[in-house]
Amino acid sequence: MKVGIGLPNTVPGCDGATLVEWARRADGGPFSTLAVLDRVRYDSVEPFAALSAAAAVTSRIGLATMIAIGPLRGAAMLAKQAVSVDALSGGRFTLGLAVGARLDDYDAAGVDHRTRGAALSTQLAYLRGEFDSAGIGPVVPFGAKGIGLLVGGTSGAALARMARYGDGYAHGGGPPRAFGSAATKALAAWRDLGRPGAPALWGQGYIALGDAERGRDYLRDYYAFTGPFAEKIAAGALTSVREVKDFVRGYADEGCDELILFPTVADLDDLDRLAEALS
Amino acid sequence: MKVAIIGAGPAGLYLAILLRKAGHEVSVLERNAPDATFGWGVVFSEETLGALRDADPATHLEITDSFARWSSVDIRYQGKLLRSRGHSFSAIARKHLLSILQRRAAELGADLRFGVEVDELPEADLVVAADGANSRVRTRDFRASVKPQGCKYVWFGTDLVLDSFTFSFKETEFGLFQAHAYPFDENTSTWIVECAEPVWRRAGLDTMSETESIAFCEKLFADDLGGHRLMSNRSLWLDFPLVRCASWHRGNVVLLGDAAHTAHFSIGSGTKLAMEDAIALATALARHSDLGAALTEYELDRQPMVERFQQAAGESAAYFGRTATYTGFEPVQFAFNLLTRSGRVSHTNLAQRDPDLIRVLDAWFAAGTSMVPGAVAPAPLFAPLRLGSTTLTNRLVAEDAGDPVRAAQAGAGLVMTGPVAVSPEGRICPDTPLTAEVSVDDVHQAGALVGLRLTHAGARGATRPPADGLDIPLPPTQAWPLLAASSVSFGPFAQTPKAMDAGDLAAARQAFADAATTAADAGVDVLELDLADGHLLAGFLSPLTNRRDDEWGGEHRWAYPLSVLDAVREVWPRLLSVRLTVTDWVPKGLGLPEGIRLAKAVREHGADLVHVRAGQSVAEARPEFRRGYLTTLSDQVRNQAGVPTLVGGYLTTPDEVNTIVAAGRADLCVLTPQPSPIEAVVLS
Ligand SMILES: Cc1cc2nc3c(=O)[nH]c(=O)nc-3n(C[C@H](O)[C@H](O)[C@H](O)COP(=O)(O)OP(=O)(O)OC[C@H]3O[C@@H](n4cnc5c(N)ncnc54)[C@H](O)[C@@H]3O)c2cc1C
């Protein structure tokens, strides 16, 4: 299993300099991928913009959205952003897409929330097919032969979408067992649709190694829209090296291919602590 | 901390004990009198007892001292009695359990107030709603789903003292009734009676008084009761409420036990879950000074466990809702199906608990009623299956397996190849073959039969190969024109197919028959006709994709696929399987009841086997994927349409296959083994 790290692009107050330095250090650390989250109505840096900045100061590390809320963007613009990041990074980009969980982001973007599932399917179909002849460059195909495509979500419909268009599954976080059960469903969907081989399985978690309480406060705030679940997400943050190690082992045992650990504070020391914990 | 607990059931009282031991100030408010409670005895399992011993040795001792214990399950069915041994059960009178807990809580200084109906939340640092399945607190302050689950039931006692867990099934003119019964003290047993809602109505139980309903049930189970009576304790016919609640705490209010979640009584776990909740909550409160953090931890700790039990309980409740469909089973299979109903006990588990039963089951499964006493046989998946004039050597089917000879060598009794398209425009992708590419002799030599799936992709044609994604249309320069029941495109950007005219229909039918003839000449053993997965013929079956108003549409949606089946059956001499979508998994699509009728029709038109499939009729559906997600569908098709079935649905272990085929939920299984070569096990 590979382990990647998140950029603090959705941690309020993270300035450009910190973001860029974070990316630079991640590139020099034991991380496979640098990933971002997506949120409109929150003090955060747009994911493709953040990855573009990261692309400029890194040379090795993979870049990924984990995930971007697809339907908030028109399919052509989404494709354009993705191929741009891929070009800027010399082909290091992986596009993770899902419908997201926030109504208010849809409102802000002026997009209908009710049809989000079908909208994401259309978007994925566009990226996998129509895009090739849409005259949008730089031309690089979406899918295993080009920009890897991960799809997230827990419903059967989301898993079918993943198995239909995707190369892999992006899980939304939780203890290893929860990941394992979602991974089984993803594999079942993959088989059901008759895809050969197996999907790449990506997981994620949160770390708060330096200041656990500040990290949890961020999570409570970031996930306040989920009501009572915010507390549970905050409680799941990994606050010690021991917890990180257990979590990494747990995910590896459940068959995860790539685990992304997201920061909860924009504090470079947390990156260094994680690098040390993993080495 | 000042804690107010609403409800003096097992959850509330046990928490009162644990929190008093931790030094909190505890009051318990209960609307009933101390000795007034519903129900009779409740069952416990071994694993719960360990947790109770660690949490409070005093009550553990008293509880286990009053247990009725037994180790066998009796199944009374069609005048026969089957006994399965090696289980370990214990049970206690609910009333007695409560009195032990009341005494201990009072002794530890909890303030128990009976006869207090709580309406307004009491003032306290922590308010615990342990007010049962119909929790008023939950209804008022939490978002929950409450739905009736399973059959109508009534919870009686009897003065017959049983020596095992007893299930008794009674066929009546109204339908099937069943009792779940078990002892719980020296004088009394629990006797729960259950039946499907229509049966309950037909029997007139909806209008009977309590006395009449007791008399009815006593008469029904007279031979089991042997002159003993049934006793009521506010025993009314009820629906079991399935309670699910996404979040169990809000501010300083927390739900405990049945108030937060229920698990159908047929897996006997509600009391255990309720008391374990109390342990988890007390532990979390001891670990955290912050109340919010403690309540969150309690929930995180308990929810995964509760979900697992609710899953098992749901399977069990659904099983008891359709027991009438298993009355044709031989007793030993009936028993095995019953014992494995919830998915928690498999063939392997039972082989450990009750090796005798499994030996008899395996021998019966291999040899039928001609089995010799004491016979031993291989596990059910290795039992041959005779269908018509064809004999499959075992129950394993390989599908999409790459090299068919390797699949045969790996143990499959039947290797399905294909799909082969019956005509060029029926191809799924450019490299979909038009004739079988398998060397039948080589597969035969490796010990397996060869199957071949014949398809016409219909609206799902002209796409890229599945390795590169599904339903991704080929660019127009490489695509070919598509045909379908109606002009409904399959997914976004897919080509709109042409609705088939009379000429197309005749040609496609002929193409299927010709392909079947070719396959027969090539020596293929099993032909599978594709009426599934949104392909051409399935497109006629679903109202979502068949919008025709001619003789092939509307109420005649089945007609064209059945006419193709007839044409194929006429020329195909050997085993014929129909791959069939039995539900679209879309609200307005084809649903399971129609799917079952369809399976029956397919059988009547000459299919020897139905390969049960679901979903994929349209691109946006609501499937539910998990391990074995098609098994229950196969069970219902097989036992309600009376047709042998083949089922996949992500089965990855031989144990799953043994359990499914021996329980009569399918006859053949597609096994998807984890591709673990010997190197993955023998590391050096
Ligand atoms: C037919 C049947 C058989 C079962 N068999 C088993 C079994 O074999 N094994 C097993 O483990 N479980 C079994 N159960 C489940 C078990 O009974 C429950 O899960 C268990 O009782 C839950 O405990 P509780 O304390 O959460 O709720 P309850 O036992 O329901 O207690 C709730 C208490 O709250 C009180 N109350 C409610 N509202 C108020 C109010 N507003 N003010 C004051 N007090 C209030 C009630 O009077 C009651 O005393 C069975 C259930 C049924 C229906």
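This is a predicted model: local features need pLDDT of at least 70, side-chain atom pairs count only at pLDDT 80 or more; totals for chains, interfaces and linings use all residues.
Trainee: Okay, so how many bridges join E16(B) to strand E17 of chain B?
Mentor: Two, and these strands run antiparallel. Across from His249(B) you'll find Val254(B) in E17(B).
Trainee: What's the strand order in the whole sheet?
Mentor: The order is E8-E2-E1-E9-E17-E16 in chain B, an open sheet of six strands with mixed pairing. Its edge strands are E8 (111-114) and E16 (249-250), each pairing on one side only.
Trainee: Switching to helix H7 of chain B: which residues are buried?
Mentor: In H7, which spans residues 210-220, those are Ser213(B), Ile214(B), Phe216(B), Cys217(B) and Leu220(B). Down the axis of H7(B) they fall within an arc of 160°, so they line one face of the helix.
Trainee: Now the ligand. Which residues come nearest?
Mentor: Of the 32 residues around the ligand, Glu30(B), Val43(B), Arg94(B), Asp258(B) and Thr271(B) do.
Trainee: What lies 3.2 Å from an oxygen atom of the ligand?
Mentor: A polar side-chain atom of Tyr182(B). The protein covers 95% of the 1,000 Å² of accessible area that the ligand has on its own.
Trainee: Which element gives the largest share of the shell around the ligand?
Mentor: That's H9(B), with four residues.

Definitions and conventions. Residues are numbered from 1 along each chain as its sequence is written. Chains are lettered from A and ligands numbered from 1 in the order in which they are written. Side-chain values use heavy atoms; hydrogens and water are left out. Two strands pair if DSSP finds at least two bridges between them. Buried means under 20% relative accessible area, exposed over 50%, partly exposed in between (1.4 Å probe, protein chains only). The arc is that of the directions from the helix axis to the C-beta atoms. A residue is near a molecule or strand if one of its heavy atoms lies within 4 Å of it. A polar contact is a pair of N or O atoms within 3.5 Å; within protein, one must be able to donate a hydrogen and the other to accept it, and residues adjacent in sequence count only if both atoms are side-chain atoms. Accessible areas come from the Shrake-Rupley method with a 1.4 Å probe; for residues, only the protein chains shown count as cover.
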